[in-house]
Amino acid sequence: MSRLFPSSTSGLSSNWSSARSTENDKQDRVKIVGMDAATLTYDTLRFGEFEDFPETSDPVWILGKAYNALTEKDEILSDVTSRLWFTYRKNFPPIGGTGPTSDTGWGCMLRCGQMILGEALICRHLGRDWRWARGQKQREEYVSILNAFIDKKDSYYSIHQIAQMGVGEGKPIGQWYGPNTVAQVLKKLAVFDTWSRLVVHVAMDNTVVIEEIKRLCMPWLDFAGESGGVGELNGCLEGACALAEEEMALWKPLVLLIPLRLGLSDINEAYIETLKQCFMLPQSLGVIGGKPNSAHYFIGYVGEELIYLDPHTTQPAVEPYEDGQVLDETYHCQHPPCRMHICELDPSIAVGFFCKTEDDFDDWCMRIRRLSCKRGGLPMFELVDSQPSHMVSVDTLNLTPDFSDSDRLERFFDSEDEEFEILSL
């Protein structure tokens, strides 16, 4: 059974009661008999069985920040509530014009993908220390971020865009995604977000190549090499073939997603300490994963338990006002977050990191190398300076998703018969 933090503020319990009232709407209920795990929502759970957050001296880590559970409970809840919380929605415009109007039962990993990217956009435009407060007038950047995820076809990262882009990755609309598929889709969609100008890089084969990332985040490097140096490049800015001014930025903010398999049917305990360390890094965006056919967005840990946001509750779709403002209370988890023992984690995950500047990335590389030297944990991925000779870039070959390494890995992730897939690889 998942567990929740207890309420430590007077307003939280009333918000929770209101949320329960909404979620207990009879029209939203789903019969438990014969239900697939992916369709479980808060509507079907018995709230009285949730356990209190332990009074522990162990630090609570939330996306690179440490808290004291005994003295900073309000701060913990404020931090968690400030994360964007994307859940199942109903009554949105049909996907593709004639498709589903709700993602209940199949969209949990898509929603987790929205949450991890939403956290990157918050860090990009508002900063990690930004906090949301109920009823407070929000900054324009926040409103723009939220509008990028609204459930309609023309939002950059809407359920409509993710589902339709997933078709190109071999996932029909309404089919459950694995962590790798949603990472690949977000990578493609980010190209169209000219406001955020993110580089979303999906590191395959458990390997992060520093040279590859720096060329993606600093595209002028290639031009500088061809023209003999940065000076010559700057001298031809008015030429027909010059890079656009925004391409000349020293660093494009990086969202690094690393799909991993940390075991067969269960997580290998040798990876647990390393996984915990990832939540301690200041560049952490958390982890998307969960249990088989039931995805969660993991944002931290305490002791041996992971802290996560759960998309498995169905809320009505939200329509922005004419001025773009959004009634945003349902996009923030105002009840205490869930917890589960780390050993319950499905081994198929994707770890995320955000590096706003080159210094951030260099610092991340240094920290990862230090982690790999520590005893007591097995490295989850390899960090290398340049691409090993045995690796061939899928982007370079311009292969279609049906034949790419990412697709082969995704079939490996999503397979119910892991032994067969391992042999086939």
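Leaving aside its neighbours within four places in sequence, which residues is Leu378 in contact with? Contact here means heavy atoms within 4.5 Å. By that criterion, Leu378 touches Ala270, Tyr271 and Thr274.

This is a predicted model, in which local features need pLDDT of at least 70, side-chain atom pairs count only at pLDDT 80 or more, and totals for chains, interfaces and linings use all residues. Residues are numbered from 1 along each chain as its sequence is written, and side-chain values use heavy atoms, with hydrogens and water left out.

Leu378 belongs to the loop between helix H11 (358-373) and strand S14 (382-384). Helices (H or I, at least four residues) and strands (E, at least two) are DSSP runs, numbered from the N terminus. The C-alpha atoms of Leu378 and Thr274 are separated by 6.5 Å, although the two residues are 104 residues apart along the chain.

Helix H3 and helix H5 also pack against each other, at an angle of about 115° and with their axes 10 Å apart. Axes are lines fitted to C-alpha atoms, for helices over the stretch in contact, and angles run from 0 to 180 degrees between N-to-C directions. The residues that make this contact are listed below.

| Helix | Residues | Contact residues |
|---|---|---|
| H3 | residues 108-125 | Leu110, Arg111, Gln114 |
| H5 | residues 159-167 | Ile159, Ile162, Ala163 |

Elsewhere, Arg89 lies over the face of Tyr331, at 4.3 Å from the ring centre. A charge sits over a ring if NZ of Lys or CZ of Arg is within 6 Å of the ring centre and within 35 degrees of the ring normal.
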